Amino acid sequence: MALETGKEKQISRRISLTGLVNLANNGIVPLTLIFCWWYLSSSEIFPPILMPPLTKIWSAFTKNLTNGLLAKDLISSLSIVLQGYIGGSLLGLTAGILMGIFPRVKRLFDPVLNGLRQIPPLAWIPLLILWFGIGDASKVILIITGSFFPVLLNTVNGITGVPQGLLEFAKLYKIKKRDILLRIYLPGALSSIFVGLRLGASTAWMSIVAAEMIAATAGVGYRINDARNLMQSDVVIVYMILIGCIGGIMDFVIKAIARYVLKWQRA
């Protein structure tokens, strides 16, 4: 019993030490960047309008937080992102499954989709504004376009990467097509699909920021553009940090879901 207790203590110490090392490694780069910013801004190597002090950035953050602008812009952007991302992901997943399973469907649509994929999301903005105005509809469609292709391509790659031996085994035993889809194709393609979902979320977030900079009356991108016009670099930096944090949270959530769904692969 004493030996087991001693081993358990050693294991817990190692786990704690590993956690501290990981925390230190993850914090080195952010802390270094903060220190460099503090040093350059305090030494006034650059004008404050270009590199505002950390105190001014914090003051801009608290001001926009207390007056409600930060929450208003974040809610406006996130609501549009979620609508477009969910729509684009569902379309990309459906089209990817069809193109991955049926070679004729892939041959039919692949040239057109491959051509459209080369067009950057920003290039669609003028046309979408002409068709749908500067309201939320044009932004949702832009995000659908941006998130559709990463999910589509990774779903196709995942479906086509399923071992042929499993498919031949299913045909040999005359397994229903529905069961082949749910028990062979989708489980085999899930890892690739989640990669597409992560890339699609990143593209969706970038698309809404770019769209709001050009045509919007609220949102994160609109506030950055408005602050730029007013030469408020501290506000611009606050919203840039916000964009990075929200994007990181979205990616973390998708990775957490992927780990939970794919835990059977590790087992």
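Where pLDDT is low, the predicted coordinates should not be read in detail.

The largest nonpolar core holds 42 residues. Seven members touch the most other members: Val81, Phe194, Leu197, Trp205, Ile208, Tyr239 and Leu242. Several helices each supply at least two residues of this core: helix 2 (54-66), helix 3, helix 6 (136-160), helix 7 (164-172), helix 8 (177-214), helix 9 (220-229) and helix 10 (233-261). Helix 8 gives the most, with 13 residues. Phe194 touches Ile254, Ile257, Ala258, Val261 and Leu262, leaving aside residues up to four places away in sequence. A second core is separate and has seven residues. Among them are Ala95, Met99, Phe148 and Leu152.

Nonpolar residues also occur on the surface. A patch there is formed by Leu31, Ile34, Phe35, Trp38, Tyr39, Ile45, Phe46, Ile49, Leu50, Leu54 and Met231. Together these residues have about 1100 Å² of accessible area. Helix 1 gives the most to the patch, with five residues. Leu31 lies in helix 1. Leu31 counts as exposed because its relative accessibility is 59%, and the cut-off for exposed is over 50%.

Notes. Residues numbered from 1 in each chain as written. Predicted model: local features only at pLDDT ≥ 70, side-chain atom pairs only at ≥ 80, totals over all residues. Heavy atoms only, no water. Core = buried A, V, L, I, M, F, W, Y, C linked by side-chain atoms within 4.5 Å. Buried < 20%, exposed > 50% of the residue type's maximum accessible area, 1.4 Å probe, protein only. Helix = DSSP H or I, 4+ residues; strand = E, 2+ residues; numbered from the N terminus. Contact = heavy atoms within 4.5 Å. Patch = residues over 30% accessible without salt bridge, like charges linked within 9 Å, V, L, I, M, F, W, Y side chains within 5 Å. Areas by Shrake-Rupley, 256 points an atom, 1.4 Å probe, with all protein chains shown as cover. Salt bridge = Lys/Arg side-chain N within 4 Å of Asp/Glu carboxyl O.
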